[in-house]
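Here is a note to read alongside the model. Please keep the structure open while going through the points.

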Amino acid sequence: GESLLSSAHVRPLLYSSLTPSAICFIAFSPQELPSTRRKGFLTEHAAPFSAFLTDSFGRRHNYLRISLTEKCNLRCQYCMPEEGVQLTPKSELLTTQEIITLARLFVKEGVDKIRLTGGEPLIRPNVVDIVGQLYKLEGLQTIAVTTNGINLARLLPRLKEAGLDAINISLDTLVPAKFEFIVRRKGFHKVMEGINKAVELGYNPVKVNCVVMRGLNEDELLDFVVLTKNQPLDVRFIEYMPFDGNKWNFKKMVSYKEMLDTVRQRWPDLEKLPCEASSTAKAYKVPDFQGQISFITSMSEHFCGSCNRLRITADGNLKVCLFGNSEVSLRDHLRSGASEDELVQIIGAAVGRKKKQHAGMFNISQMKNRPMILIGG
């Protein structure tokens, strides 16, 4: 691997200031270090953060979500319109090489976390290879995936070996028949098998994403909390959000405060946990439970002020806000032969146009935006 002394992500070091053991240590590339030491080293020696990924409100975008496919093997009601979606022709989707080229560019500019999304990312045939190639990017600290869990148990051993650090699994009900109703497909037991496999392979926490919808699953809140008693799960309750084709209405949304009240009635000693400034989740823990719960309050209490994420859709468009409808095609610029510097300028201009916050609940529900499946969450 490239010596850390010559890496763009490391401040110049003087041999005279190093002990012999330190000289030995830095002769390796970060990828050759155990992951915890690698992360510590990269954090300590990070380059100044890129101006191109810093917006006009001072937000530093060090987290990139890349959609690997628009296809999914489920048809969740809040994500995909019932009639399905018009899929982009394969030739217009990013190739693996284009994904890695863009990822390398963003990591060079300061992105240290990449999350692979979809559609369902684990149906992309070479997802293990993509994780392996991302793992080689110097400066990248975390590779995560958000999955519906259907293919997880089968693929996870290989994904872990390739370098996958973190997993989010979508699960909106613990009742098999209700699962089939919500996702319009079978597969509940495969998802549970995937969650168990992730715990077994040592992922901690294993994040479970639950979109809460009134009249559908809000009566299961307490059952989901109980899941965290004996397993290192972080069950994340997500406020239902408006997207094209999901027939959103205010009555379906259960707010964070209402959910919290329900949980507190059962566990009055629920503890609030500290969280990072850029976290989208408000975290809590029932004392003596192994895991924790979190609330993602996109609708009732937005977290735009600390937003640090950017998104690339499967067809290669950069979205600077999940709820914004402006997009820039990085694919088109890549294919027309734009240089790395030109791409960075284009990305910087898009980040610079990012608004201070997304529109309010009512306005978002009226806006034209892609269905969630075509954004990648």
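What percentage of the 377 residues of the protein count as buried?

1. Overall picture. The model is predicted. Of its 377 residues, 52% count as buried. The secondary structure comes to 12 helices and 12 strands. Among contacts between residues at least 6 apart in sequence, 72% join residues at least 24 apart.

2. The core. The largest nonpolar core has 95 residues. Phe-106, Ile-114, Leu-134 and Phe-237 are the residues with the most contacts inside it. Helix H3, residues 96-108, gives the most to this core, with 7 residues. As background, nonpolar side chains in soluble globular proteins tend to be buried together.

3. Ile-114. Setting aside residues up to four places away in sequence, Ile-114 touches Leu-64, Ile-66, Ala-103, Val-107, Leu-134, Leu-140, Thr-142, Ile-143 and Ala-144. One of these, Leu-134, is also among the residues listed with the most contacts inside the core.

4. Helices H3 and H4. The axes of H3 and helix H4 (residues 127-135) come within 10 Å and cross at roughly 25°. Angles under 35 degrees count as roughly parallel, so H3 is roughly parallel to H4. The crossing of H3 and H4 is right-handed. On the H3 side, the contact is made by Thr-96, Ile-99, Ile-100 and Ala-103; on the H4 side, by Asp-129, Ile-130, Gln-133 and Leu-134. Sorted by class, the contact of H3 with H4 has 5 nonpolar, 2 polar and 1 charged residues.

5. Helices H5 and H7. Which residues of H5 meet H7? First the geometry: the axes of H5 (residues 152-162) and H7 (residues 188-200) come within 8 Å and cross at roughly 25°. That angle makes H5 roughly parallel to H7. H5 and H7 cross in a right-handed sense. From H5, Leu-152, Ala-153 and Leu-156 take part, and they meet Glu-193, Gly-194, Lys-197 and Ala-198 in H7. By class, the contact of H5 with H7 has 4 nonpolar, 1 polar and 2 charged residues.

6. Leu-74. Is Leu-74, a loop residue, buried or exposed? Leu-74 lies in the loop between strand E1 (63-67) and H3. It counts as buried because its relative accessibility is 3%, and the cut-off for buried is under 20%. Apart from its neighbours within four places in sequence, Leu-74 is in contact with Met-80, Asn-148, Ile-150, Phe-179, Val-183, Arg-185 and Lys-186. Leu-74 and Asn-148 are 74 residues apart in sequence, yet their C-alpha atoms are 8.0 Å apart in space.

7. Leu-260. This residue is found in helix H9, residues 256-266. With a relative accessible area of 8%, Leu-260 is buried. Not counting residues up to four places away in sequence, Leu-260 touches Leu-270, Tyr-284 and Phe-295. From Leu-260 to Ser-294 there are 34 residues in sequence and 9.6 Å in space, C-alpha to C-alpha.

8. Cis peptide bonds. Which residues does a cis peptide bond with omega of about 10° join? Gly-118 and Gly-119 are joined in this way. Gly-119 lies in the loop between strand E2 (113-117) and H4. A cis peptide bond also joins Asn-204 and Pro-205, with omega of about 0°. Pro-205 lies in the loop between H7 and strand E5 (206-212). For background, most peptide bonds are trans.

9. Positive phi values. Most residues other than glycine have a negative phi. Arg-184 has a positive phi, near 60°. Arg-184 lies in the loop between helix H6 (176-183) and H7, and at 25% relative accessibility it counts as partly exposed. Asp-288 also has a positive phi, near 75°. Asp-288 is found in the loop between strand E8 (281-285) and strand E9 (292-296). Asp-288 is exposed because its relative accessible area is 80%, and exposed means over 50%.

Methods
Residues numbered from 1 in each chain as written. Predicted model: local features only at pLDDT ≥ 70, side-chain atom pairs only at ≥ 80, totals over all residues. Heavy atoms only, no water. Axes fitted to C-alpha atoms, helices over the stretch in contact; angles between N-to-C directions. Helix = DSSP H or I, 4+ residues; strand = E, 2+ residues; numbered from the N terminus. Parallel < 35°, antiparallel > 145°, perpendicular 65-115°, else oblique. Left-handed = near helix turned anticlockwise from the far one by under 90°. Contact = heavy atoms within 4.5 Å. Nonpolar A, V, L, I, M, F, W, Y, C, P; charged D, E, K, R; others polar. Core = buried A, V, L, I, M, F, W, Y, C linked by side-chain atoms within 4.5 Å. Buried < 20%, exposed > 50% of the residue type's maximum accessible area, 1.4 Å probe, protein only.
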